[in-house]
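This report looks at a ligand and its surroundings, and then at pairs of charged side chains. Please keep the sequence and the structure in view while reading.

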Amino acid sequence: MKNSKIIFTGSFATGKSSILAQLLEESFQPTYHTTIGPRFLEYQKGDDYYFFVDLGGEVGQEKIPAIRFLNAQHIVYVVDLSRPQTFGQVKKDLIFLAWRYPKAQLHFLANKQDLLTENVLAARLMALPQEPALICSAKTAEQIQAIWNLF
Ligand SMILES: Nc1nc2c(ncn2[C@@H]2O[C@H](COP(=O)(O)OP(=O)(O)O)[C@@H](O)[C@H]2O)c(=O)[nH]1
Ligand SMILES: [Mg+2]
C-alpha cells in the first residue's frame with residue numbers, strides 16, 4: 001500500500017490540469033480554465049492512495065509558498081513543448097525545485113506533443129535543459145497512463 005502526495009507544477013497553461021483530468025478521468029477539455037490557487041484531488045488505485053495537488057501556474061517556482069510542497073514524495077514539473085520561449089525558465093525552475101525540495105522526486109514531463117511534427121519535436125527536445133521522463137499529450141492521452149510508473 002502506497003500513500004503518495006504528488007505536486008503538479010510548472011508555468012501557466014502547460015497542461016497540468018489537463019494531464020490530471022486525462023490521468024484520473026480519461027477526459028480532455030479543449031477550453032482553458034485557469035486554476036486559481038491549488039486544487040486537491042484524492043485518488044485510490046487498488047490498495048494505493050494518491051493525493052494530487054494541482055497548482056496554479058507560476059513563472060518562477062520560487063514564488064510558490066513552500067508549504068504547498070510539504071511532505072510531497074513527488075513533484076511533476078510540466079513544460080509545454082509548443083512554447084520554446086519558456087524553456088529558459090524551465091531550466092531555472094528545475095534547478096530551484098531540486099535544490100529546495102531535495103526529499104521529493106522531481107519528474108520532468110514534456111506535454112502537448114500532439115502539436116508538433118516529428119522534426120520540430122526532435123529540435124524542441126534538443127532545446128530542453130534536460131531529457132524529459134515522458135513526452136506526452138493530455139489531448140491524445142499519449143504516454144499519460146505511463147505517468148503512474150513514475151510514482
Ligand atoms: N493540443 C493540446 N492542448 C493541450 C494539451 N494539454 C493541455 N492543452 C490545452 O492547453 C490549455 C491549458 O491547459 P490546462 O490543463 O488548463 O493547463 P494548466 O494551466 O497547466 O493547468 C487548455 O486550452 C488545454 O485544452 C495537449 O497535450 N495538447
Ligand atoms: Mg490548471
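## The ligand and its shell

A residue counts as near a molecule if one of its heavy atoms lies within 4 Å of it. The model is a predicted one, in which local features need pLDDT of at least 70 and side-chain atom pairs count only at pLDDT 80 or more, while totals for chains, interfaces and linings use all residues. Residues are numbered from 1 along each chain as its sequence is written, ligands are numbered from 1 and chains lettered from A in the order in which they are written, and side-chain values use heavy atoms, with hydrogens and water left out.

Around ligand 1 there are 17 residues, of which Lys-16, Ser-17, Ser-18, Asp-114 and Ala-138 come nearest.

## Polar atoms at the ligand

Among the N or O pairs within 3.5 Å, a polar side-chain atom of Lys-16 lies 2.7 Å from an oxygen atom of ligand 1, and a backbone N or O atom of Thr-14 lies 3.2 Å from an oxygen atom of the ligand. A polar side-chain atom of Asn-111 lies 3.2 Å from a nitrogen atom of ligand 1.

## Salt bridges

The structure holds three salt bridges, each a side-chain nitrogen of Lys or Arg within 4 Å of a carboxyl oxygen of Asp or Glu. One of them joins Asp-54 and Arg-39, with the closest N and O atoms 2.9 Å apart. Because Asp-54 lies in strand β3 (residues 48-54) and Arg-39 in strand β2 (residues 39-45), the pair ties together parts that are 15 residues apart in sequence.

Note on methods: Polar contact = N/O pair within 3.5 Å; in protein donor to acceptor, adjacent residues only side chain to side chain. Helix = DSSP H or I, 4+ residues; strand = E, 2+ residues; numbered from the N terminus.
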